[in-house]
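Here is a short report for a first look at this structure. Take the sequence and the model together as you read.

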Amino acid sequence: MKLIYSPFISSYDFGSGHPFRGDRFPSFISFIFRRREPFEVIGYLGDPPKLDDLTAVHSLKYLEELKRKSYMNYGMISLDTPVFKDMWEAALNLVHSSLSTVRVALKDGSAAGFGGAHHASIGYGGGFCLINDIAVAARWAQREGKVESIAIFDHDAHHGNGTMDIFYEDDTVLYVSIHQDPTTIYPGVGFARQVGKGKGEGFTVNIPLPPGAGPMSYSMAFEEIVRPIIDSFNPDLLIAHGGSDPHFLDPLTQLYQTLNGLWSIGKWVFELKAKFKAELLISGYNPKIRNWGWLSILRGFSNMKMSYNPLDVEGEVPLEDGNIIRRSKLAIDDAKGILSKYWKLS
Ligand SMILES: [Zn+2]
């Protein structure tokens with residue numbers, strides 16, 4: 001499996017004290033080198049994104065505002081997303097990373113890389129996200145005539161409000177997300193009843209899970225909704241993305257995922273039907289867990305077993321008790337009820 005990386009990606013950095021630091025990416029690369037993990041790390045492929053690639057997703061007004069704020073090096077994109085020096089170039093670099101990962105996936109069948117700024121939408125940014133690299137890469141693949149149908153599987157703990165908005169009225173891009181109940185966490189949307197609009201009705205799939213949901217809840221959500229829908233959509237290209245923020249030790253979320261559970265997510269992506277597949281990594285705000293979490297996802301995605309004992313890293317895992325399972329089941333049944341209007345779900 002090729003893992004696409006450029007050291008310049010570490011310029012995507014909100015500064016000390018902020019949970020999103022640029023050194024997370026080189027730290028992961030050193031980690032897998034130290035462990036002699038069998039991934040082939042390669043640089044970016046092809047040109048950086050052009051203005052056309054960006055305006056296929058974002059409004060010109062928003063892009064110009066982003067660039068202006070970056071040059072002034074002053075202000076905020078949203079409350080949690082401050083402007084930093086050379087932010088514009090850093091955002092373009094993240095897009096180049098995802099574009100390259102998709103390009104390699106289209107050549108090799110599958111590839112992994114860094115990216116997944118899913119909170120950035122047509123005319124706004126926030127939640128540490130500036131330019132929606134997932135959407136730019138998806139639109140690029142379509143505009144180049146490489147693929148027609150694309151499924152995005154968002155397994156980050158947070159809902160991808162930006163990505164959902166961008167493709168809300170589109171039936172060629174299926175957006176599927178498992179995330180923490182939006183009444184309990186940023187960005188406050190991603191309800192099951194948000195299914196898309198117009199031509200795109202039925203092509204947005206939201207599965208909110210209650211705080212405390214872990215591997216068992218995820219497995220139910222995946223087997224009962226995600227797998228049947230993505231497999232029946234049968235996309236040319238699947239772009240999956242997320243990170244270690246659903247892990248129970250992550251400070252920004254209240255889900256109870258485990259390292260084994262993250263490995264399963266990677267494995268599910270490996271198993272889903274699609275001609276080409278890309279896995280993008282971005283989230284994870286507990287430095288003790290992040291590298292292990294990313295590694296678990298990548299090993300699952302590469303159809304390899306775990307290369308370490310999770311017990312040595314995360315210790316005892318919290319119990320996903322009957323009460324949590326019951327609440328997850330209610331949420332999953334609710335989503336199934338809504339989605340069975342569009343998809344065959346048993
Ligand atoms: Zn997240």
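## A covered strand

Phe153 has Val176 of strand 7 as its bridge partner. The model is predicted: local features need pLDDT of at least 70, side-chain atom pairs count only at pLDDT 80 or more, and totals for chains, interfaces and linings use all residues. Residues are numbered from 1 along each chain as its sequence is written, and side-chain values use heavy atoms, without hydrogens and water.

Strand 6 (residues 150-154) and strand 7 (residues 173-180) pair in the parallel sense, over 5 bridges. Pairing requires at least two DSSP bridges between the strands. Strands are DSSP runs (E, at least two residues) and helices are too (H or I, at least four), numbered from the N terminus.

Buried means under 20% relative accessible area, with a 1.4 Å probe and protein chains only. Ile150, Ile152 and Asp154 lie on one side, Ala151 and Phe153 on the other.

## The zinc ion

Which protein donors hold positions 1.9 to 2.1 Å from the zinc ion? They are Asp156 (OD), His158 (ND1) and Asp245 (OD). Donors are N, O and S atoms within 2.8 Å of the metal (3.2 Å for Na, K and Ca); water is not among the atoms, so sites may look incomplete. The donor spacing along the chain is D-x1-H-x86-D.

Asp156 is buried at 3% relative accessible area. His158 is buried too, at 9%.

## Two crossing helices

The axes of helix 3 (residues 60-72) and helix 4 (residues 87-108) come within 7 Å and cross at roughly 130 degrees. Axes are lines fitted to C-alpha atoms over the stretch in contact, and angles run from 0 to 180 degrees between N-to-C directions.

How values were computed:
Buried means under 20% relative accessible area, exposed over 50%, partly exposed in between (1.4 Å probe, protein chains only).
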